[in-house]
Amino acid sequence: MLYAVVSEFIATGQPVSSRTLSRKYGFDFSAATIRNVMADLEDGGYLAQPHTSAGRIPTESAFRLFIDALMRVRQLTREEAGRIHDLFGERKGPDWLREAGRVLSELAGTAAVLVRSRAETRTLLKMQFIPTRPGELLSVIVFSDGTVENRFIELEATLGNDELSRLHNLLDDVVSGRTLSQLRDDLAAELTQGRDELRQLQSLGVSLIRAALAGADRRLDIVIEGRSKLLDRAEGEDTGRLRELLAALESREHLIELLDRIMHSQRVQVFLGEETRDTVGYPLSIVAAPWGPGDNPGGAIGVIGPTRMDYPFVVPLVGATAEAMSDALLRKRGAAADEAAEGDPETPSSVGGSAPDHDPG
């Protein structure tokens, strides 16, 4: 009976009466028995009655029990699965995360949120330093997910082309599969070994990588798509609560804290209403999952909405999207590895990723 009440409330948003349960869900009980069971569920904290003459609505405890033990997820339609597959099968540009958010928001009918892990924790494919003017280099960092970031580095002395060429040869042997921090630490650990010339190159590599790390954005990249859909679903809320909702969306640090936890989980996570208030500052429900291959999460993707959300559809939708993103990342990593094996990365003016901080002149 609780399953029926939650399902009906998700579908209609209206209080559920004993008559609706009897007529629509075919319970072979008398109306009095149904009312008694609903009263027991209300006493147990699973149902609430907005008005004395109204039916019952499920509480967050009911939604939690529904999600954890009662819910029967539905399969995505061929059209829905096809949209997800087509998106990640064809997306090549640097804005693929934002496009993923748009598609998920459209399919779920509410706002979508995505985060990508910090640059310092993403594994590398290639790293190169390009002279721009005396005393300055442009570091070109190619990550294993196919994205490229460019950062300017100030130097005390100008490096010659021969010295940079030897450094690139050294880095080509050790960069792939490491993070920036791991690469810096590994080179630093090897400084006491080898010939003087090798130690000089390693020391140069450590200093340049340390400079690149200093210019890295330490925050998670976060994208929110479909805010208007979320506000539409909040229709009827008072003005004060809508202000809180907008403030929660703008205060991205709080969302990042929650999504960072999801990013290091192993499956789709559901946080209901009041469960997010302490972290986010507003009782939003969030359904999200990590994406990225193996033990190297690329980020997290999910949807934000009211407690009344179509969980039997949203949970598998988010899971399928995260899985498609992980598969796409593996393909991008393989393609980027093939390109790197054939030659140097593209010049900074032709690659995606972060824009330079300033014009080198």
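This is a predicted model: local features need pLDDT of at least 70, side-chain atom pairs count only at pLDDT 80 or more; totals for chains, interfaces and linings use all residues.
Q: In what order do the strands of the open sheet stand?
A: Strands of a sheet pair through backbone hydrogen bonds, either parallel or antiparallel. Here 3 strands form an open sheet, ordered β4-β5-β6, with antiparallel pairing. Strands (E, at least two residues) and helices (H or I, at least four) are DSSP runs, numbered from the N terminus; two strands pair if DSSP finds at least two bridges between them.

Q: Why is one side of β4 and of β6 left without a neighbour in the sheet?
A: β4 (124–133) and β6 (148–154) are at the edges and each has a single partner strand, so one side of each has no neighbour in the sheet.

Q: How many bridges join β5 to β6?
A: Strand β5 (residues 136–143) is joined to β6 by 7 bridges. Val140 has Asn150 in β6 as its bridge partner.

Q: Which strands does helix α8 touch?
A: Contact means heavy atoms within 4.5 Å. Helix α8 (residues 180–189) packs on the sheet and touches β4, β5 and β6.

Q: Is Ser105 buried or exposed?
A: Buried means under 20% relative accessible area, exposed over 50%, partly exposed in between (1.4 Å probe, protein chains only). Ser105, in helix α6 (residues 96–108), is buried at 2%.

Technical notes
Residues are numbered from 1 along each chain as its sequence is written. Side-chain values use heavy atoms; hydrogens and water are left out. Axes are lines fitted to C-alpha atoms, for helices over the stretch in contact, and angles run from 0 to 180 degrees between N-to-C directions.
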